[in-house]
Amino acid sequence: MNTSATDSIATDKNCRPGMRDILCLAIGLAIATLGLLNSMPAIPGLPRVGPFGYEFMHPVMLGLAACAAVARSGLAWNRPVRSPALRVLVAVLDAALVGALLYTLADYYQTMMQLKTGLFFFDPRHAWVALIGVGLLLAICYRVWGLALTLVAGTALLYFYTGQYWPGLFNMVPVDWVEGTAESLWYNSSNGVLGSLLGIVINTILPFILLGALLEGTGAGGSMIRISLHAFRYARGGPAHAAILSSGLFGSVSGSAVANVVGTGVITIPMIRQRGFSPAFSGGIEATASSGGQIMPPIMGAAALVMADFTGISYLTIIVAAAVPALLYYGSLFIAVIFEARRLGIEAEPEVSELDPALMPTRQDWINLIMVVVPLTVVVVSLLVGFSPAGSGIMALASLVPLSLVLNPAIRKAPWQLVLALGRGGNSFATLLIAVAIVGIVVAVLSSTGLPIKFAQLISASASGSLFMSLLLAMFAALVLGMGMPTLPAYLTIILIMGPAMLRLGLEPLVAHMFVFYFGVASAITPPIAVAAFAAASISKASPLKTSVEATRIGLVIFILPFAFAFYPELLLVAEAGGSDRIIDLLSILLRLVLTIVLITTALAGFDKRALSRLNSAIRLALAVAMLVTWPWLHWPAFALGLALIVSHYLTPVKKEALA
């Protein structure tokens, strides 16, 4: 992408912030303040300003997000300009374009208020206003998120107007220029750019974005990295294990795989290389750990909040359902590091600490952990006592601010760091809101054309009634649709297109959404466009493609788990998944999954206690697949053979095996 979703504002005391930095900070604070006022829960004795109506809130927040994005990335021209006159011209052009967008948003407010009062008819002016607004947002999206998301929305828009000329499945009735453009794309409270999808993100996700920004700004994020490095300093994998732990925990809150890679990878990746791992593996393990943070409860990168709104299932139920698969995934990453360290002959170093003195955890770092544990506990407790997800996020924020002032002397000396963190959080949210608004174009087109229903029929026909083949087709479609896109927009785009097909397979809505969400996350490490792996490669100095291939090998379990809980929904633990309620069934699949992970990890590494032959690796892969088949007469013999294979490998002396 052209610009990181977490571009920070210059805060170094030796570096004076420029006008652009100050403007970004002011807009970010405006977004944070307005969003918090809008989502503030009702607490007895405290005044409540919000919630505000969507007619006001949606255009205002999107307008602020667009201003923040243009202030940071530019719109008319985003390359360095030396000539003062040209800089002024570029600034004037940017201001004019933003002004045009703000006009279209103001017209949305006026028109929606008129629609509430009585009968209303759209005219060509409304269509042109809608088209100008959509076009300007696409241009801003290209500056902020790059080509992938912009191309998806642009293709959808092209299809919207030319669908009558497309062949076969994609052929549709021509849209009415005025009504189709105005009502479907812009002036709509349910679908379109300013529809309900934007409302879910504004009303629910903002507090959690700000929570992640405050955790980083108060030093809690850095403390997690240092403590993780210290905890694993004598393990075989050392900093690789630390990267998994710290990236998983922080990634759950931050919600951005790329931002997490950049934030933690600059510390962990060089240390992983120093321990003896290859550059591609070093970048790959950081990419897989950072991406997987979004499947880790309790926050799950805020995607669980959107899933709760989409499915009507409580947020607490979703994070319970996500627990076991997330633990299995991160367990697989730890195992991958162990066997890779064995393969490379990397040993634990019990007498020598690799840590730079600056990375050694201090007493303050251990105290800072309280600022991580307490807010996450507040989120869960608030949900249990009946607060909404947004209210729970605000309660966590309310606990973190006084905690940071009491526990962290650096924050007491410079409390404005909290303000700067809120500003950065508001700017991060702005970039996300631009992406979600662009997904709104896709929502509008899909809703108007009925394409998801046709796609569902195609998948059902192509798979000939086979659940496995249908899921396989859905997986490939999800990976392709999610390539190059941030996780939340990827998940939204995929579920909108694939959702009807998934439900036709007989899956429960929770299982279908989790299946799609996992592959939305996996697309960040899947070649050829693996944004998280590419970000890690820029730090590890390895080939981006080689890093993404290595990340896929390391994180292969993330591709297996969705199939596992689709066929064994008891893995999700909750009744809404529709699985068996017998403990023996849960233990059965857990036992087989653990052995499956060990077999797959060792087979792909080509190493267990010692090097594995290609035949041995192939047998392990075959047995791993067989263990997940639903037929007991196949998966239990496969389990027994897999266990026997591992035991015999460890009991066979090296010389005897070499002679065989």
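Modeller: Let's start with Phe52, which sits in the loop between helix 1 (19-39) and helix 2; helices here are DSSP runs of H or I, at least four residues, numbered from the N terminus. Bear in mind that this is a predicted model, where local features need pLDDT of at least 70 and side-chain atom pairs 80 or more, while totals for chains, interfaces and linings use all residues. Numbering runs from 1 along each chain as its sequence is written, and side-chain values use heavy atoms, without hydrogens or water.

Colleague: Why is Phe52 called partly exposed?

Modeller: Buried means under 20% relative accessible area and exposed over 50%, with partly exposed in between (1.4 Å probe, protein chains only). Phe52 has 27%, so it counts as partly exposed.

Colleague: What does Phe52 touch, leaving out residues up to four places away in sequence?

Modeller: Leu34, Leu37, Asn38 and Met57, where contact means heavy atoms within 4.5 Å. Phe52 and Leu37 are 15 residues apart in sequence, with C-alphas 8.8 Å apart.

Colleague: And why is Phe56 partly exposed?

Modeller: Phe56, in helix 2 (residues 54-73), has a relative accessible area of 35%, so it gets that label.

Colleague: Which residues have the most contacts inside the largest nonpolar core?

Modeller: Trp186, Tyr315 and Met502, in a core of 193 residues. Such a core is a set of buried Ala, Val, Leu, Ile, Met, Phe, Trp, Tyr and Cys residues joined through side-chain atoms within 4.5 Å. Helix 18 (residues 416-449) gives the largest share, 18 residues.

Note on methods: Helix = DSSP H or I, 4+ residues; strand = E, 2+ residues; numbered from the N terminus.
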